[in-house]
Amino acid sequence: MQGRGQALGFFLVTLISSPLVWPNSILAAAALSLVWLRIGSRDGALLWLWALLPALVLAVYIDSFMPLLLLSCTALASGVLRSTASWSYTLTALSAASLLAGLALQGMAGDSLNTYAEAFNRFLGDMRQQL
């Protein structure tokens, strides 16, 4: 990517199409991390804020919190790695952020998670009966 404009366009395209093609949110998070580590914290944080807009739209209207959580955790990990250059600090911060994100996801999308858990339990029951 040649500049912030191309990176921002990439974030918008990948995040808006992420409900249709699920790896796109992973690609957006990887691109954000590369920009943050390569160009700097200031430009990385600015692009993260712009990338949060379509992620928030997806969270509100489609009930898809994964791009929002993925971008936030990736931004945190990239910021810690850029400032400390230590993988142990980065992984510690990422573990704490993942714990908080899991608790937040349970609070925000508890009904959806319960539906997925029930479907998975039915699937396991069907598999046990077939064996």
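## Lining of the largest pocket

Helix 6 supplies the largest share of the lining of the largest pocket, namely three residues. The structure is a predicted model, and the pocket in question holds about 290 Å³ of space. Eleven residues line this pocket, and those closest to its centre are Asp-63, Ser-64, Phe-65, Met-66 and Tyr-116. Two elements each give two or more residues to the lining: helix 4, which spans residues 66-84, and helix 6, which spans residues 110-130.

By class, the lining of the largest pocket comprises eight nonpolar residues, two polar residues and one charged residue.

## Packing of helix 1 and helix 2

Two packed helices are described by the angle between their axes and the distance between the axes. For helix 1 (residues 4-16) and helix 2 (residues 23-38), the axes come within 8 Å and cross at roughly 160°. Angles over 145 degrees count as roughly antiparallel, and helix 1 and helix 2 are therefore roughly antiparallel to each other. The crossing in which helix 1 passes helix 2 is left-handed.

## Residues at the helix contact

On the side of helix 1, the contact is made by Ala-7, Phe-10, Phe-11, Thr-14 and Leu-15. Helix 2 contributes Asn-24, Ser-25, Leu-27, Ala-28, Ala-31, Leu-32 and Val-35.

The contact of helix 1 with helix 2 has nine nonpolar and three polar residues, and no charged residues.

How values were computed
Residues are numbered from 1 along each chain as its sequence is written. This is a predicted model: local features need pLDDT of at least 70, side-chain atom pairs count only at pLDDT 80 or more; totals for chains, interfaces and linings use all residues. Side-chain values use heavy atoms; hydrogens and water are left out. On a 1 Å grid over the protein atoms alone, a cavity is a set of points where a 1.4 Å probe fits but cannot get out, and a pocket is an open set with protein on both sides within 12 Å along at least five of seven lines; lining residues have an atom within 4 Å of a point. Grid points are joined across faces, edges and corners, and a volume is the space filled by probe spheres set on the points. Helices (H or I, at least four residues) and strands (E, at least two) are DSSP runs, numbered from the N terminus. Ala, Val, Leu, Ile, Met, Phe, Trp, Tyr, Cys and Pro count as nonpolar, Asp, Glu, Lys and Arg as charged, and the others, Gly among them, as polar. Axes are lines fitted to C-alpha atoms, for helices over the stretch in contact, and angles run from 0 to 180 degrees between N-to-C directions. Angles under 35 degrees count as roughly parallel, over 145 as roughly antiparallel, 65 to 115 as roughly perpendicular and the rest as oblique. A crossing is left-handed if the near helix is turned anticlockwise from the far one by less than a right angle, and right-handed if clockwise. Contact means heavy atoms within 4.5 Å.
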